[in-house]
Amino acid sequence: MTTHACRSLIHRLSLLRPTRPAACFNTKLPYSTCSNDSATKPQQHANQALSPATHHHDGQTRPRRIVVGITGATGTVYATRILSILQRLGVETHLVISKWALATMKYETTASEADIHALASRSYVVKDLSAPIASGSFQHDGMIIVPCSMKTLAAVRTGFCDDLISRAADVTLKEGRKLLLAVRETPLSDVHLDNMLFLRRAGAVIFPPVPAFYTRPKSMDDLVDQTAGRMLDSMGLFTDGFKRWDGFERD
Ligand SMILES: Cc1cc2nc3c(=O)[nH]c(=O)nc-3n(C[C@H](O)[C@H](O)[C@H](O)COP(=O)(O)O)c2cc1C
């Protein structure tokens with residue numbers, strides 16, 4: 001096996017078994033935030049060379065930061081996979097989970113709330129509009145809402161942002177940063193489609209988590225990895241933990 005193939009296999013195996021450090025989430029903290037060790041202590045990441053963990057601007061450096069919002073659409077597994085990949089890449093993550101995302105997550109995965117928060121560098125309470133990510137002065141490299149419900153899509157489209165997920169998305173757009181919406185509903189009504197088109201024209205990436213079968217997935221993990229990897233591609237974050245199209249293969 002070549003070194004590249006070996007590294008790729010190790011990476012894939014590690015993604016299928018996400019680490020679960022002790023949770024730090026505490027909704028009673030005064031500013032409703034908490035800090036994981038991963039945010040403050042430098043860590044060794046198997047895949048670090050694949051994606052620079054530092055953002056450089058005008059001679060200054062800061063950690064690469066992504067805001068992740070999870071809302072109450074089905075498909076919360078995409079969020080946990082993305083958080084665990086970002087953790088391995090050494091990217092600082094700022095996480096907000098809606099009330100209905102928690103309910104959906106409890107129903108469709110075995111992950112606990114603490115498990116999810118442990119994957120993030122920092123977590124916030126969804127109703128806390130005083131959190132740093134509610135302001136444009138907090139610098140980051142983009143936001144992903146995954147999955148994104150039709151309700152949150154509508155909130156971002158109209159600018160009626162009364163929770164931290166929609167407010168952070170609103171701010172991301174106004175600051176001209178990357179905003180990826182992993183919208184999930186089927187079938188789609190005129191209202192949903194109109195909201196998506198409007199936000200696409202406003203600069204957001206509309207990324208329904210639609211599985212690809214040309215990679216001949218062997219498991220649900222393969223499907224989730226491929227979609228999560230393509231979402232991160234869209235954010236300019238490279239990971240090799242999934243199969244990419246390389247032309248028709250001969251059997
Ligand atoms: C099990 C479950 C699955 C759901 N799936 C979806 C979905 O795929 N898309 C959607 O737009 N809403 C879905 N909903 C409804 C949303 O949770 C609901 O509209 C909620 O108000 C969204 O709020 P949020 O965006 O603040 O999380 C689902 C609800 C439940 C309980």
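I'll start with helix H7, where the buried residues are Leu164, Ile165, Ser166, Arg167, Ala168, Ala169, Asp170, Val171 and Thr172. Before going on: what you see is a predicted model.

How enclosed is H7? In H7, 9 of the 11 residues are buried, so the helix is largely enclosed by the rest of the structure. What do those buried residues pack against? Their partners are strand E4 (65–70), strand E5 (92–97), strand E6 (122–124), strand E7 (143–148), strand E8 (179–183) and helix H6. Just after H7 there is a glycine to look at: Gly176 takes a positive phi of about 70°.

Now the pairing of H7 with H6. In general, two packed helices are described by the angle between their axes and the distance between the axes. For H6 and H7, which spans residues 164–174, the axes come within 9 Å and cross at roughly 40°. That angle makes H6 oblique to H7. The crossing of H6 past H7 is right-handed. On the H6 side, the contact uses Thr152, Ala155 and Val156, and these meet Ile165, Ser166, Ala169 and Asp170 in H7. By class, that contact has 4 nonpolar residues, 2 polar and 1 charged.

Helix H3, residues 76–89, and helix H9, residues 220–234, have axes that come within 9 Å and cross at roughly 60°. H3 and H9 are therefore oblique to each other. Here too H3 passes H9 in a right-handed crossing. From H3, the residues in the contact are Val77, Tyr78, Arg81, Ile82 and Ile85. From H9, they are Val224, Asp225, Thr227, Ala228, Met231 and Leu232. Sorted by class, the contact of H3 with H9 has 8 nonpolar residues, 1 polar and 2 charged. As background, an α-helix has 3.6 residues a turn, so residues three or four places apart point the same way.

Next, the ligand. Which residues come nearest to the ligand? Of the 16 residues around the ligand, those are Thr71, Gly72, Ala73, Ser98 and Trp100. Two elements give two or more residues to this shell, helix H4 (99–108) and helix H6 (150–158). H4 supplies the largest share, with 5 residues. How does the shell divide by class? Around the ligand there are 6 nonpolar, 7 polar and 3 charged residues.

One residue of that shell deserves a separate word. Trp100 lies in helix H4. Is Trp100 buried, exposed or partly exposed? Trp100 has 16 other C-beta atoms within 10 Å, which means that this residue is partly exposed. Leaving aside neighbours within four places in sequence, Trp100 is in contact with Thr71 and Gly72. Trp100 and Thr71 are 29 residues apart in sequence, but their C-alpha atoms are 6.5 Å apart in space.

Last, the whole protein. The secondary structure comes to 9 helices and 9 strands. Of the 251 residues, 41% are buried. Among contacts between residues at least 6 apart in sequence, 80% join residues at least 24 apart. The pair Trp100 and Thr71, at 29 residues apart in sequence, gives one example of such a separation.

How values were computed:
Residues numbered from 1 in each chain as written. Predicted model: local features only at pLDDT ≥ 70, side-chain atom pairs only at ≥ 80, totals over all residues. Near = placed C-beta within 6 Å. Helix = DSSP H or I, 4+ residues; strand = E, 2+ residues; numbered from the N terminus. Nonpolar A, V, L, I, M, F, W, Y, C, P; charged D, E, K, R; others polar. Axes fitted to C-alpha atoms, helices over the stretch in contact; angles between N-to-C directions. Parallel < 35°, antiparallel > 145°, perpendicular 65-115°, else oblique. Left-handed = near helix turned anticlockwise from the far one by under 90°. Contact = placed C-beta atoms within 7 Å. Buried ≥ 20, exposed ≤ 12 C-beta atoms within 10 Å, placed from the backbone.
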